[in-house]
Each structure stands twice: as C-alpha cells, then as structure tokens.
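The sequence and the model are shown first.

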Amino acid sequence: MIDTHELSRRAGSQREVSFTAPAPADLGIDVIGVPEGDPIQFDLRLEAVVEGVLVSGSASGRLVGECARCLVDVEDEFLADVQELYVYPESDAEPDEASRMEGDLIDLEPALRDQVVLALPFQPLCSDDCLGLCPECGVRLEDEPGHKHEDGADPRWTALQGLLGQDEKK
C-alpha cells in the first residue's frame, strides 16, 4: 500500500518514491516465480491527475524456478514496468476501467501481479542450449554429454524392423 496523502489532489503535482516491499504469496507460475517474502524494489512516480493518481515506474526482484528441460534450479532477475491509474474513491469510473484508491491508499499488488506474471518466461531454461534429460533414463545430458544407450531402438518401432528384414530377402 502506498499512502498518497502528501500528494495533493491538484492535477499536475507529482512525487517520486523508492521503497522495498516483501513479495506476496503466489507471485508467479508453476515453474518460476518470486519467493514469498523476497524483497521487491519499487521505483515509482506518483502523478495527480483529474481522475485520480497515475502510478508509473518499475519493480524489480529475484525469480526462482526450475529449467523446463532438465529440471535444474534456475535463478534470474525480473524488471516489470508498472503503469496504472488509480481513481479517487468518489469517481464515477467503472471498476473494470481503473483501479480504485482506498481513501488515500493505493494497493499495488494486483498491478504488480499482472505485470510480473506477464513478464515471466513460459518455459524457463538454465541456458539457451540446454540439452535436457535423457528420455530413457533421465540423466541430465549437460552433465554427461556423450551419454548413450546400447540398444537405442524405440520398442514401438520393433514391428517395422521385421519389415526391413523382409525387403532385404527379396
């Protein structure tokens, strides 16, 4: 919550704020997200406009998850742009048009959640050229680059191997 009491309701007045706040629960997707309670750095500009307060700036923090290919732990950083209009409580704006202030307070969590989740990689990778896991035994191929199995034939294709033998007899 940001207190806008010091920002007058006169359109054009503005104030810059920087602060750190703990991350809310469930800020992310199944494979990557911001750990609950981790610090998120906010650098914001609050501008009074006729309808309310325009909040713009950025939020940054740490992401933790796992590689979608090899399941190794992944850590990364995020930088999310925040720009949201918060209308005064007495505004005629519809709830789906803009967020509403609670007195002089602004709740940034819904806007932060929207921006961070949209900025997350759908399939995070430990590296762009990650080889993943062996489909037969699950060995991480980055750890064993020459990894092979003796009988590399897929058992679903064994019936076709019999056809290959018949063609050679003709």
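A residue is called buried under 20% relative accessible area, exposed over 50%, and partly exposed in between, with a 1.4 Å probe and protein chains only. The model is predicted: local features need pLDDT of at least 70, side-chain atom pairs count only at pLDDT 80 or more, and totals for chains, interfaces and linings use all residues. Residues are numbered from 1 along each chain as its sequence is written, and side-chain values use heavy atoms, with hydrogens and water left out.

**Strand pairing**

Helices (H or I, at least four residues) and strands (E, at least two) are DSSP runs numbered from the N terminus. Two strands pair if DSSP finds at least two bridges between them. Strand S6 is antiparallel to S4, with two bridges, and Gly 33 has Val 64 of S6 as its bridge partner. A hairpin of three residues leads from S5 to S6. S6 and S7 are likewise antiparallel and are joined by 15 bridges; Leu 63 has Asp 76 of S7 as its partner. The hairpin of S6 and S7 has six residues between the strands, and Leu 71 in this hairpin takes a positive phi near 65°.

**Salt bridges**

Side chains of opposite charge can pair when their charged atoms come close. A salt bridge is counted when a side-chain nitrogen of Lys or Arg lies within 4 Å of a carboxyl oxygen of Asp or Glu. The structure holds five salt bridges, including the following.

| Salt bridge | N to O distance |
|---|---|
| Asp 38 and Arg 62 | 2.8 Å |
| Arg 45 and Glu 47 | 3.1 Å |
| Arg 62 and Glu 75 | 3.4 Å |

The pair of Arg 62 and Glu 75 links distant parts of the chain, from strand S6 to strand S7 (residues 73–87), 13 residues apart. Through shared partners, salt bridges join Asp 38, Arg 62 and Glu 75 into one network. In the pair of Arg 45 and Glu 47, Arg 45 is partly exposed with a relative accessible area of 33%, and Glu 47 is partly exposed with 23%.

**Helix H1**

Which residues of helix H1 (residues 109–119) are buried? They are Ala 111, Leu 112 and Val 116. Seen down the axis of H1, these buried residues fall within an arc of 120°, so they line one face of the helix. The arc is taken from the directions from the helix axis to the C-beta atoms. An α-helix has 3.6 residues a turn, so residues three or four places apart point the same way. The elements that cover the buried residues of H1 include strand S3 (27–28), S4, S5, S6 and S7, with contact meaning heavy atoms within 4.5 Å.

**Cysteines**

A disulfide is a pair of cysteine sulfur atoms within 2.5 Å. By this rule the model has zero disulfides. Cys 70 is in no disulfide, and its nearest cysteine sulfur, in Cys 130, is 3.7 Å away. Cys 70 is buried, at 6% relative accessible area. Cys 126 is partly exposed, at 31% relative accessibility.
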